[in-house]
Amino acid sequence: MADLLSTGVSGLLASQIGLSTVSHNVANVNTDGYSRQTVQFNARQAQQLGNFYVGTGVNTVAVQRAYSQYLNIALWTASSDQSRAATYQSLTGQINNQLSGSTNLQTSLDAFYGALGDVSNAPADSAARGVLLARANALGSTFQALSGQFNQLNTQVQRQISDTVDSINSDSASIAKLNEQIRTAYAGGKGEPSDLLDQRDALIKKVSGEVGVSVVQQDDHTVSLFVGNGQALVNGSNAYALATAPNQYDPTRLEIVGKDSGSVITGQVGGGSLGALLDFRSQVLDPAQNQLGRAAVAMASAFNAQHAQGMDLNGTMGGAFFNVGAPQVQISSANQGTGTVGASISDVGALTTKDYVLRYDGSAWSLRDTAGNAVAMTGTGTAADPFKADGLSLVVGGAPSAGDSFQVRPTAAAAAGFGAAITDPNKIAAAAPLAGSAGAANTGSGSIGGIAVTDPSNAGLLGTANIVFTSPTSYTINGGAAQTYTPGQPINANGWSLTLNGTPAANDTFTLKANSNARGDNGNALALGKVANLGVLDNGATSVGRAYGQLTSQVGSAGSLAKDALTTQNAVYQQALQSQQGVSGVNIDEEAASLVRYQQAYQASAQVISTASQIFDALLSAVRN
């Protein structure tokens with residue numbers, strides 16, 4: 001009777017554990033990261049009676065979770081890629097919205113050149129000039145607003161980087177604590193701590209969504225997490241925090257460092273939302289800011305150059321029409337010497353959207369872009385012979401130490417500093433400064449084809465010049481020495497250039513003098529209107545408007561690719577999740593069937609115990625009688 005009772009009790013206890021496990025599964029059906037748990041049983045050692053064995057019941061061996069390391073790793077990887085794609089798509093969407101919003105630069109450019117056309121039609125009209133100046137200010141506001149929005153987005157990215165690092169550190173510390181609890185549980189021979197393992201896996205998945213990590217399973221059932229090229233986040237019960245630190249050139253720009261080592265690992269971080277933030281900053285936002293600045297430099301340079309060749313209503317040569325932000329030179333915080341670097345733009349057509357680092361090795365200077373590619377320089381770096389590369393002129397001075405470096409950003413601040421340089425509409429140089437005429441007694445076929453200003457600062461520019469041809473191939477200016485004339489080649493003097501059509505004859509004369517009709521002349525205004533389509537950038541291949549088109553195109557392309565990548569990564573993540581849940585997820589129908597099975601087994605075991613009790617009572621009664 002004792003054997004029957006013991007067998008029934010073992011079945012009862014086993015069914016009770018089964019019922020508790022199933023109810024635990026059902027209760028956690030909506031718990032993120034929970035793995036379905038199952039009970040493992042085996043038969044007790046049978047008892048030998050004569051020539052046969054009689055079973056003695058059941059033992060509960062373990063409660064284990066349904067788990068696949070391979071599928072979990074695949075899920076963590078998919079989570080990292082999906083989170084990166086989602087963050088990247090969100091950021092590129094924001095910058096696309098900024099470019100297509102109310103501060104659309106192309107609209108401002110069109111309005112500005114439209115007002116310039118009105119001045120061309122009525123150069124003496126003060127109202128038209130006032131509108132042009134207002135449109136110039138509006139164009140400057142557009143450049144500044146776009147630059148400001150980019151700066152705001154950059155500030156947002158820096159804040160998100162800091163917040164993400166804090167979250168990674170918090171999660172890493174929690175994983176380290178769970179590692180210790182799990183190691184202790186296994187060491188105590190208490191079986192598999194399924195719920196602790198699930199909690200740890202859920203945190204690993206969360207960290208994977210924040211940054212790409214490598215997960216290494218250790219022999220003591222702990223896990224180690226590494227980021228980049230071996231930077232540890234977790235090793236056993238120890239967590240190693242990341243931190244943010246100011247960039248050595250720009251203190252407003254955050255870099256990722258190991259908190260203990262202080263070494264910069266920004267370039268090693270990839271995957272997850274943190275990787276997306278860093279990639280967006282370097283691959284989309286920085287180039288966009290630089291491209292916007294490049295368009296501003298091109299606009300100011302081309303328009304100012306033509307405006308300087310005109311004459312205003314006061315009879316004065318035109319000066320700068322637009323201001324633009326100068327190149328930035330940022331000194332490394334690690335510099336030991338007193339070296340200095342001055343930067344200016346010498347060739348707008350050669351400008352790129354890159355930033356550069358100028359480094360001194362103790363004997364020579366070298367230039368690289370921020371991607372690490374070497375950039376060839378000419379010159380010696382002196383004021384008389386500056387270093388020149390990619391449209392930049394660099395003058396070095398002071399006493400630099402070996403290893404000192406400077407970051408040069410040619411166009412990053414250009415748009416923020418763009419604006420109208422004049423406030424008086426009368427100073428708009430719409431008129432051509434010089435007027436030319438051919439002598440009435442000329443006998444040749446020569447005629448004035450064009451007059452251009454080559455040096456607005458020349459003191460003799462507005463002086464009267466009498467050109468007399470002593471022969472078809474020679475001439476004098478104001479009775480000076482004879483000069484050779486080559487048909488088709490311009491005549492240059494005193495900051496102007498005169499082109500003749502046809503062939504002049506001996507004794508033919510031509511006269512250049514200051515334009516006395518500056519108030520009603522539109523010669524330079526017409527030339528200024530052509531700046532809209534003038535090739536300025538990329539060695540004369542790209543106009544200002546096209547440069548802005550390149551900006552919207554590159555940002556739009558990044559946004560489109562980000563959107564496609566997110567769609568793909570969402571599909572990959574869902575597939576990985578379904579595969580993992582197919583093994584580890586709780587199926588309510590299956591649990592309901594198990595619940596009925598264990599309930600019936602429990603009731604049957606209770607009936608065995610009841611039967612053993614009845615038999616035992618009957619036996620006691622017989623003995624008493």
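Trainee: Is T184 buried, partly exposed or exposed?

Mentor: The model is predicted. A residue counts as buried under 20% relative accessible area and as exposed over 50%. T184 has a relative accessible area of 45%, so T184 is partly exposed. T184 is found in helix α4, residues 126-187. Its C-alpha lies 9.4 Å from that of D220, although 36 residues separate T184 and D220 in sequence.

Trainee: Which residues have the most contacts inside the largest nonpolar core?

Mentor: In soluble globular proteins, nonpolar side chains tend to be buried together. Here the largest nonpolar core has 81 residues, and F112, M299, F303 and F322 have the most contacts inside it. Helix α6 (residues 272-307) gives the most to this core, namely 17 residues. Among the residues that M299 touches are L109, F112, F322 and V544. A second, separate core of 17 residues includes M317, I477, Y485 and L512.

Trainee: Where does a nonpolar patch form on the surface?

Mentor: F616, L619, L620 and V623 form such a patch, with about 370 Å² of accessible area together. L619 belongs to helix α9, residues 588-624, and is partly exposed, at a relative accessible area of 48%.

Trainee: What is the strand order of the open sheet of five strands?

Mentor: Strands of a sheet pair through backbone hydrogen bonds, either parallel or antiparallel. In this open sheet the order is β21-β28-β23-β24-β25, and the pairing is antiparallel. Strands β21 (434-438) and β25 (483-484) stand at the edges with a single partner strand each, so one side of each has no neighbour in the sheet. Strands β23 (residues 465-471) and β24 (residues 474-477) pair over four bridges, and I467 has I477 in β24 as its bridge partner.

Trainee: How many salt bridges does the structure hold?

Mentor: The structure holds 12 salt bridges. In one of them, the closest N and O atoms of D198 and R65 are 2.9 Å apart. This pair links distant parts of the chain, with D198 in helix α5 (residues 194-210) and R65 in strand β4 (residues 58-65), 133 residues apart. D198 counts as buried at 5% relative accessibility, and R65 counts as buried at 11%. R65, D198 and D201 are linked in a network of salt bridges.

Trainee: Which residue forms a salt bridge with K206?

Mentor: D171 does, the closest N and O atoms being 2.8 Å apart. K206 lies in helix α5 and D171 in helix α4, so the pair ties together parts that are 35 residues apart in sequence. K206 counts as partly exposed at 40% relative accessibility, whereas D171 counts as buried at 7%.

Key. Residues are numbered from 1 along each chain as its sequence is written. This is a predicted model: local features need pLDDT of at least 70, side-chain atom pairs count only at pLDDT 80 or more; totals for chains, interfaces and linings use all residues. Side-chain values use heavy atoms; hydrogens and water are left out. A nonpolar core is a set of buried Ala, Val, Leu, Ile, Met, Phe, Trp, Tyr and Cys residues joined through side-chain atoms within 4.5 Å. Buried means under 20% relative accessible area, exposed over 50%, partly exposed in between (1.4 Å probe, protein chains only). Helices (H or I, at least four residues) and strands (E, at least two) are DSSP runs, numbered from the N terminus. Contact means heavy atoms within 4.5 Å. Patches are made of residues with over 30% relative accessible area and no salt bridge: like charges are joined within 9 Å, nonpolar side chains (Val, Leu, Ile, Met, Phe, Trp, Tyr) within 5 Å. Accessible areas come from the Shrake-Rupley method with a 1.4 Å probe; for residues, only the protein chains shown count as cover. A salt bridge is a side-chain nitrogen of Lys or Arg within 4 Å of a carboxyl oxygen of Asp or Glu. Two strands pair if DSSP finds at least two bridges between them. Lists of a residue's contacts leave out its neighbours within four places in sequence.
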